[in-house]
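Subject: Structure handover

Hello,

Please find the structure below. My notes on it follow.

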Amino acid sequence: QPYPKIPYHKVSSKRIWGDVPAMMKAIKISEDPSRFVFQQCRTLGSPVVQLFFGPFTKPAIFVDDVREVKDILSFRTREFDRSYKSQDTLRPMLRHSSLVKATGPEFKAQRKLWEGFMGMSFIRRVAAPEMHRVALELIELLRTKAKIAGGRPVYFFTDLDLAAFDIIWKVVFGNDLNGVRGEHEGILKGSGQIKQPMSMDSVAEMPMVPKPEMYTTVCFVIKGIEQTFTTYFQRFNHWLVRHGSAYKRKWDSKQRIVDERINGEHARLSKLSRSALLDTEETSGVVLGVRRYLLAQEGDLGASKNIPSTTQQEIHNELMMLLMAGHETNASALSWAIKYLAAHPSKQARLHDSLLEGFSERVHGAQPTVDAILSRSIPYLDACMEETLRHATISSRLARVATMNTELFGYRIPGGASVMLSPYVGAAPFNVPEAHRSLSSQRTKDNYPLLHESSDMDVWELERWLADDGSFDGRRYPRLAFSAGPRACYGKILAMQEFRIILALLVLNFEFAAAPGELASLAAHQRILKVPRHCHVRLITRS
Ligand code: HEM
């Protein structure tokens with residue numbers, strides 16, 4: 001049954017599989033499979049529509065209107081919360097993490113305990129040096145791959161993902177995983193046995209190198225979610241995946257490794273006096289979690305005191321949440337930036353020139369320091385990052401649930417309805433009477449005049465973020481790639497600093513040329529995140 005009055009395709013409401021057949025057809029031919037659902041708002045001429053995804057389920061409501069989406073996320077948080085249903089597959093794995101909690105007192109208390117962990121000062125002190133170190137290792141790895149490839153296209157996603165995983169691992173657990181270094185050593189060792197294809201247009205062959213155990217485990221777990229993400233009986237299918245023997249083996253090894261890290265820190269910190277504990281620097285997520293847990297305890301902090309299992313699980317789950325959320329996201333952002341730059345050589349050249357100018361103190365091509373990269377004003381670099389995040393919209397839909405009966409654009413939305421919001425800033429808000437918008441949304445009427453004037457929002461155009469004097473102006477358009485409001489991305493600062501450090505160093509050290517034929521396409525592949533379908537470029541090492 002459709003919700004009253006909210007526009008929908010009549011034909012879909014009479015079909016057992018509703019909008020699914022049209023969606024599957026569109027996905028097959030579409031360059032961007034994530035767009036179909038929100039495009040229906042334009043097709044039906046309404047900022048809010050409902051789509052049907054099969055029998056025995058209520059329709060889902062889709063909203064594609066930048067002003068209203070931002071407003072719902074930021075101000076209407078009592079009426080719309082993070083959707084619990086969309087996390088059915090995450091809940092069994094991260095039951096005690098803040099990610100799967102409703103935005104209530106429990107969620108807030110948990111965030112309070114971890115306060116500052118993803119803040120600027122922790123990231124500058126702990127994470128940024130690590131990002132710089134891993135980026136330099138990545139450059140060495142890619143130099144070797146470019147040499148082996150000899151001008152053939154190179155597949156690069158896994159290298160970026162390994163680098164992002166090394167970084168988040170160190171930030172979370174405090175020790176080195178050395179995924180990128182291991183990959184480089186393995187490639188150097190195996191390159192003698194690899195024969196390259198005759199054609200310069202074929203993808204270069206690289207030796208297969210075993211990856212760190214925790215990396216393969218986390219990727220395996222994420223793959224399990226992906227496999228069931230678009231299935232009808234998602235919860236049941238993921239239950240089947242979790243009960244497979246390979247899954248259980250990997251899961252047990254993950255439990256063991258993470259618990260060992262937590263218990264190790266607990267054993268070390270619980271021997272300290274309260275004043276020594278107060279003076280202890282928080283050098284990783286696990287130190288932070290265990291230290292704050294101990295400080296919150298009353299009385300004796302004797303070494304024999306075990307960490308209660310619920311607290312252990314909470315720390316364990318919160319750390320795993322960061323590990324799972326903190327690598328593919330960054331690797332996807334970097335992958336899109338590389339693809340866009342390869343497709344736009346003149347913009348890539350301008351970005352390279354801006355970086356040379358920004359770090360003009362470098363002698364004989366020395367790499368810029370982490371402080372220089374994070375503190376210099378390089379507007380073209382900011383614009384490149386911002387436009388990549390806007391255009392790619394890695395997280396292409398934000399899932400919410402109506403927590404009470406409410407209204408959107410004058411339509412009645414019943415409590416419990418599933419509401420999907422589009423974070424893509426690609427078109428002017430709908431031209432509807434202002435009175436149909438919420439009061440808080442009405443106040444934003446004149447906030448983004450450029451969005452109304454721009455007709456080229458589907459083009460990757462980084463100049464749109466530059467003011468007349470050449471400075472970067474982040475207020476020109478709404479920014480929703482990290483969402484907004486209390487449930488916005490928890491790792492945004494870390495993500496932006498990592499993006500900046502790695503992108504600047506990569507562009508200084510390599511030229512990315514488009515791969516041939518289909519490999520050059522900017523088509524997307526919708527996994528949990530939206531990633532480029534073909535993560536290939538020709539890598540040219542700059543001297
Ligand atoms: C370019 C990289 C990234 C993008 C584009 C991105 C985007 C997002 C988006 C759109 C959300 C959903 C918010 C919502 O439902 O309203 C989110 C949530 C989240 N992100 Fe990110 N993210 C990125 C990197 C990271 C990193 C590096 C971490 C961790 C280190 C992280 C941790 C999280 C967490 C924990 C949440 C859940 C927040 C909550 O439950 O309140 N993200 N992210």
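The domain bounds used here come from an automatic or database domain assignment. The model is predicted, so to be read with these limits: local features need pLDDT of at least 70, side-chain atom pairs count only at pLDDT 80 or more, and totals for chains, interfaces and linings use all residues. Residues are numbered from 1 along each chain as its sequence is written.

Domains

The protein chain divides into domain 1 (10-94 + 396-465), domain 2 (130-210 + 326-392 + 482-541) and domain 3 (222-325). The centres of domain 2 and domain 3, taken over C-alpha atoms, are 29 Å apart. Domain 2 puts 12 residues into the contact and domain 3 puts in 14 residues; two residues are in contact if their C-beta atoms, placed from the backbone, lie within 7 Å. On the domain 2 side, α8 (157-173) and α16 are the elements that give two or more residues, and α8 gives the most, with five residues. Helices (H or I, at least four residues) and strands (E, at least two) are DSSP runs, numbered from the N terminus. By class, that side has six nonpolar, four polar and two charged residues. Here Ala, Val, Leu, Ile, Met, Phe, Trp, Tyr, Cys and Pro count as nonpolar, Asp, Glu, Lys and Arg as charged, and the others, Gly among them, as polar.

Ligand

There are 25 residues around the ligand, and Ala325, Gly326, Ser483, Cys489 and Gly491 come nearest (a residue is near if its C-beta atom, placed from the backbone, lies within 6 Å). α15 (309-325), α16 (328-343) and α22 (492-509) each give two or more residues to this shell. The shell has 16 nonpolar, seven polar and two charged residues.

Cys489 is listed by UniProt under "binding site" in an unreviewed entry; such annotations may be inferred rather than shown by experiment, and positions are given in the numbering used here, with feature names shortened. Cys489 lies in the loop between α21 (449-453) and α22. Cys489 counts as partly exposed because it has 17 C-beta neighbours inside 10 Å (20 or more would be buried, 12 or fewer exposed, with C-beta atoms placed from the backbone). Leaving aside neighbours within four places in sequence, Cys489 contacts Phe482, Ser483 and Ala495.

Strands

Strand β5 (residues 398-402) pairs with β3 (residues 80-82) in the antiparallel sense over three bridges; pairing needs at least two DSSP bridges. Phe80 has Ala402 in β5 as its bridge partner. β5 also runs antiparallel to β8 (residues 418-421), joined by four bridges.

Regards
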